[in-house]
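Please look through this protein chain and its fold.

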Amino acid sequence: MKPNLLSGIAIAATILFNINTASAQQQVAKENAITIGKKEISAFSTTNYKAFKVAVAPLIKQMGAKKVVGLGEGTHGTAEFYKIRFWISRILIEDYGFTYIAFENDLSDVWLLNQQLSTTNNLNTLMKNHLMSIWQNEETKEMLAWVKKYNADHKKKVIISGIDYPLLKPDVDMLLAVLAKANNQAMLSAANGLLKAAALQDEAWIGMNDKAYKANMKAVLAGSKKGYVTTDSLEKQVQSSNFPTLLKAEAQLALANLKQGFAPFYGMVEEAERDSLMAHNAALILKGSNDKMIVWAHNAHLGKVKIYGGAVGGTGDYLLKLFPNNYFALGTGTANGTFAGTVDKRPTNSNPMITNTLEKPIKDSWEELFSATGVPNFYFSTSTTKFKQTIKPLRFIGFGTNSDASTYDKSNLNKLFDAFLFIKDTNAPTPLK
């Protein structure tokens, strides 16, 4: 009896396994068979601003009601993503009162850029001094030139900002500039003492792009520990100071970024996630104001959930928590053409950018599906489509040079973004002339 019973259980298990496998295969086949009708998407022009503005009006209306709008990019090196985000930013500024454009770039470096934007006669030099290489292109320059002209003609100014924190010397430079305005000599003297520690840490960061470089980690560690203590002391002094409101807020931003940078080297402080810190920086910038912010960053950061099993991204998730019901995420993607990237390991202001050819979208990916619509450029709201529960591979190209299968992650667009914008054929950005 016992062998027969075991045999029966084995047969039942086999049948159940086959049924479950078949069901899973049918579900995958069903998802892969999804098509998009032209009525479900909204086409737009990439060559005419006025036509683009009319086409995206429903999308912009949704964005305009939010305090923070994240404009993502499927690669860090696509000309059309820069161009379209400039156009969207322009509409949000002119028609909906947005006042900040914040880059995935060092906060203090961009603060220094913004301080000089109205008076500079050389945008190229300004950009090379204060923006990472991924932003050093003619498309971004066009946006900055527009902001410069807009600010010259309007009382309410647009502020260019940053939310990241890779380098520390710009933070010290920003702090010194603010303390000089406040005319506080004691704090200025203490802040000057941070320059050496910042330089050591920045040198180690940039040095990782050179295989022959050997960091003096003992000196870096000692300097950063001392830097953290000094920064913590200055932060408390600024907090209790009678600085004018704006100067106090700016000093606190620089100090917060310095503490974030020094913290991993200070034994008693646990390193925070980069994405949580970027969201925190955005919240610090907007603290106590009615201003509204547009963030330019990668899809992986601005998506509302993390990717690669929770290992990457999350700025969008943190922004949702910091600004409940007040954050809008737009993802962007492409299928064919070229993009710019670097072989360097660490993003800096001097990475050499190389033009690369996009590999053909992998089978059953979102890019393959979107390419089959016959519409070259379109957008859609992710929550109103028939595939809002569908999971397919989506490509995430950072500042590197790869675009193969390893750059994909299985993604639900509705969970990641409020809307998605697709441009089938794109190009690498134009290097600064």
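Glu250 touches Trp111, Gln115, Met174 and Val178, leaving aside residues up to four places away in sequence; contact here means heavy atoms within 4.5 Å. The model is a predicted one, in which local features need pLDDT of at least 70 and side-chain atom pairs count only at pLDDT 80 or more, while totals for chains, interfaces and linings use all residues. Residues are numbered from 1 along each chain as its sequence is written, and side-chain values use heavy atoms, with hydrogens and water left out.

Glu250 lies in helix α12. Helices (H or I, at least four residues) and strands (E, at least two) are DSSP runs, numbered from the N terminus. Glu250 counts as buried because its relative accessibility is 11%; buried means under 20% relative accessible area, exposed over 50%, and partly exposed in between, with a 1.4 Å probe and protein chains only. Between the C-alpha atoms of Glu250 and Ala177, which are 73 residues apart along the chain, the separation is 9.8 Å.

Helix α12 also figures in the largest nonpolar core. A nonpolar core is a set of buried Ala, Val, Leu, Ile, Met, Phe, Trp, Tyr and Cys residues joined through side-chain atoms within 4.5 Å. The largest has 66 residues, and Leu175, Met293, Phe370, Phe380, Leu394, Leu413 and Phe420 are those with the most contacts inside it. Helix α12 (residues 245-262) gives the most to this core, namely seven residues. A second, separate core has 46 residues, including Phe98, Leu113, Leu117 and Val147. In soluble globular proteins, nonpolar side chains tend to be buried together.

Met293 touches Lys67, Val68, Val69, Phe98, Tyr100, Ala102, Ala282, Ile285 and Leu286, again not counting residues up to four places away in sequence. Under the same exclusion, Ser411 touches Trp366, Thr390, Ile391, Lys392, Leu394, Phe396 and Leu416. Ser411 is found in strand β10 (residues 408-411) and is buried, because its relative accessible area is 3%.

Helix α11 (residues 217-239) has 23 residues and reaches 32 Å from its first C-alpha to its last, close to the 33 Å expected at 1.5 Å a residue; the expected span is 1.5 Å times one less than the number of residues. The buried residues of α11 are Val220, Gly223, Ser224, Gly227, Tyr228, Thr231, Leu234 and Val238, and they pack against α8 (169-182), α9 (185-192), α10 (195-207) and α12. In α10, the end C-alpha atoms are 18 Å apart, which agrees with the 18 Å that its 13 residues should span at 1.5 Å a residue. Buried in α10 are Ala197, Ala198, Gln201, Asp202, Ala204 and Gly207, packing against α8, α11 and α12.

Where is space left between these elements? Rolling a probe the size of a water molecule over the atoms shows where empty space is left. On a 1 Å grid over the protein atoms alone, a cavity is a set of points where a 1.4 Å probe fits but cannot get out, and a pocket is an open set with protein on both sides within 12 Å along at least five of seven lines; lining residues have an atom within 4 Å of a point. Grid points are joined across faces, edges and corners, and a volume is the space filled by probe spheres set on the points.

The largest pocket has a volume of about 1,100 Å³. Of its 48 lining residues, Trp205, Arg274, Arg346, Pro347 and Phe399 are the closest to its centre. The largest share of this lining, four residues, comes from α10. The second largest pocket holds about 890 Å³ and is lined by 32 residues, with Tyr100, Leu246, Ala249, Glu250 and Leu253 nearest its centre. Here α12 gives the largest share, 10 residues.

The structure holds one cavity of 30 Å³ or more. The largest cavity has a volume of about 70 Å³, and of its 13 lining residues the closest to the centre are Gly74, Gly333, Thr334, Glu367 and Arg395. Strand β6 (327-341) and strand β9 (392-395) are the elements that give two or more residues to this lining.
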